[in-house]
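Student: I would like to go through this structure with you. Could we begin with the terms and then turn to particular elements?
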Amino acid sequence: MNSQSLYIYNSYTKSKELFEPINPPFVGMYVCGPTVYNDVHLGNVRTFLTFDIVFRLLTYLDYKVRYVRNITDVGHLVDDADHGEDKIAKKARLEQLEPMEIVQKYTIGFHDVMRLMNITPPSIEPSASGHIIEQIEMINNIMANGFAYEVNGSIYFDVVQFNEQYPYGKLSGRVLEDLLATTRELDGQEEKRNKADFALWKKADKGHIMKWNSPWGEGFPGWHLECSAMSTKYLGKVFDIHGGGMDLKFPHHESEIAQNIGACGHAPVNYWMHSNMLNFNGKKMSKSEGNSILPMEMVTGQHPLLDKGYSPMTLRFLFLQSHYSSEIDISIKSLHDAEKGFKKIMNALSYLSKITWKAGTINEASEADIVKHSNEIVSNLCDDFNTAKAIANLYSMASYINTWYHQNQEVSEISEEAFKSLQKIFRDIVIDVLGLKEESSSDNNALDAAMNLIIELRKQARAEKKWNVSDQIRDALKTAGIIIKDSKDGNSSYELES
RNA sequence: GGUCGGUUGGCCGAGUGGCUAGGCAGAGCUCUGCAAAAGCUUGUACGGCGGUUCGAAUCCGCCAUCGACCUCCA
């Protein structure tokens, strides 16, 4: 077990706390996954990336993590709380498909994007529709404890009743009186005893295409319930970490807490984590705002905001340059910066394996600096997953690596031990924890083969000092949108102009 | 209207009561047949006004401003 202490900002207590798992080395983590009625957009990706880093770092620290991330395929309604059409069902109607065809289509799309972004799959990915029985059971428990009531085949959670025994609203900083005093009138609220109550089970209207049998007749579960039921099933009544986007704090996570307490008498989660939003033109990127960018649009550059395509790892790097709790405002400039930065780190990574250590005079200052950064990079990550600071450490290390590489690809100014440890930590952090990976300049093997031949021929021409030939090749390729890069060691590489 | 969170140098973006964040851009230099690429070096800062303190960008108050949540959203 790694001795490094991990600190997590707990949004429930609003303070940074030492992470102490209930049952080390095991860690249970639940993250709210997507509602698969539409393509996931870049903002969604940021959240899943945040928790990918959490998962990866915990694993790196030798914790055995059970990571559960659900797929919401029923119960998420389109309009106001507890009223309106189910999102999946609506899409199915519009596209004239079976609801599960919608679910399948967008689940696959979601997984494709996760793979593209090198986001590790969770240990368990349960779906709401696959856990109707567990949800019904949970409703029974909540009702037995007196925190829910039935009206016309629908079950509502009685927030006022609950609030008499347990605090409601702590996570999101809500005061029940304020919620009850809201002047806003919502449709379909007439069945509820109080405005703040929320549905655990909704009776299915005639013609509703997604419904199940229950003790209260045909219906479907409320949105918040699935996460309570599935986290309990796979992680237990109390588990370590629960994550999700900021915008889920209220009402979703607040309701989740109430449901769990309502069902079994105690709070479900020790550490709540919320990742911040991705902005576009200063506004939260969201499906309902209609200002979302799809990951594929980002990669291909097919979007009015973009000047060209940016690779998945560029995006990943861009996100990691900010702390997960800060907003990110995406722009062409920030994408461009991230592209350069990512390349710089990956270059250093590849140089690192080519450098050999040689005995020599040790420069105490360099030695100490390298050791400092090696230690700091892990402690920075363990300080509430501060990837931004960790990347700053990487840049500092890269500076040394580059210098050595350009000086005969040898290093003697630091001890062999320090060098070996640098090699390991740099690689471990970049590849395993930050999840960055090399991207080839082209996915086209035929092009690669042809270019390798051309580069070889040009190399011969250069060796024979036939500058007119070598320059002609370079210029012609440039016109064709291919840039030749000559390196110091006489080798060349190519890159597609974007 | 209520609640919460930002406001850092040309731009992006970390951050702790006193000690260089980092990146991009700019400038200088190195390498290179030339160029590009790459590498090295490097300047500029903490929204405003008060307060606490020996000392505050960092703590407190007020103001300004932006945003999030309060209704579906990661």
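Tutor: Helices (H or I, at least four residues) and strands (E, at least two) are DSSP runs, numbered from the N terminus. This is a predicted model, in which local features need pLDDT of at least 70, side-chain atom pairs count only at pLDDT 80 or more, and totals for chains, interfaces and linings use all residues. Residues are numbered from 1 along each chain as its sequence is written, while chains are lettered from A and ligands numbered from 1 in the order in which they are written.

Student: Where is the place of Glu 254?
Tutor: Glu 254 lies in helix H8, residues 249-264.

Student: Is Glu 254 buried or exposed, and why?
Tutor: Glu 254 is buried because 23 other C-beta atoms lie within 10 Å. A residue counts as buried with 20 or more other C-beta atoms within 10 Å of its own, as exposed with 12 or fewer, and as partly exposed in between; C-beta atoms are placed from the backbone.

Student: Which residues is Glu 254 in contact with, leaving aside its neighbours within four places in sequence?
Tutor: Glu 254 is then in contact with Gly 169, Leu 171, Ser 172, Arg 174 and Lys 249. Contact requires C-beta atoms, placed from the backbone, to lie within 7 Å.

Student: How many bridges do E5 and E6 have?
Tutor: E5 and strand E6 (residues 154-157) pair in the antiparallel sense over four bridges. Val 151 stands opposite Ser 154 in E6.

Student: Now H11: which of its residues are buried?
Tutor: In H11, Leu 335, Ala 338, Phe 342, Ile 345, Ala 348, Leu 349 and Leu 352 are buried. They pack against helix H10 (312-320), strand E13 (328-330), helix H13 (387-406) and helix H14 (416-433).

Student: And how is chain A divided?
Tutor: Chain A comprises domain 1 (7-275), domain 2 (280-433) and domain 3 (445-496), with bounds from an automatic or database domain assignment. The centres of domain 1 and domain 3, taken over C-alpha atoms, are 55 Å apart.

Terms used
Contact = placed C-beta atoms within 7 Å. Pairing = 2+ DSSP bridges.
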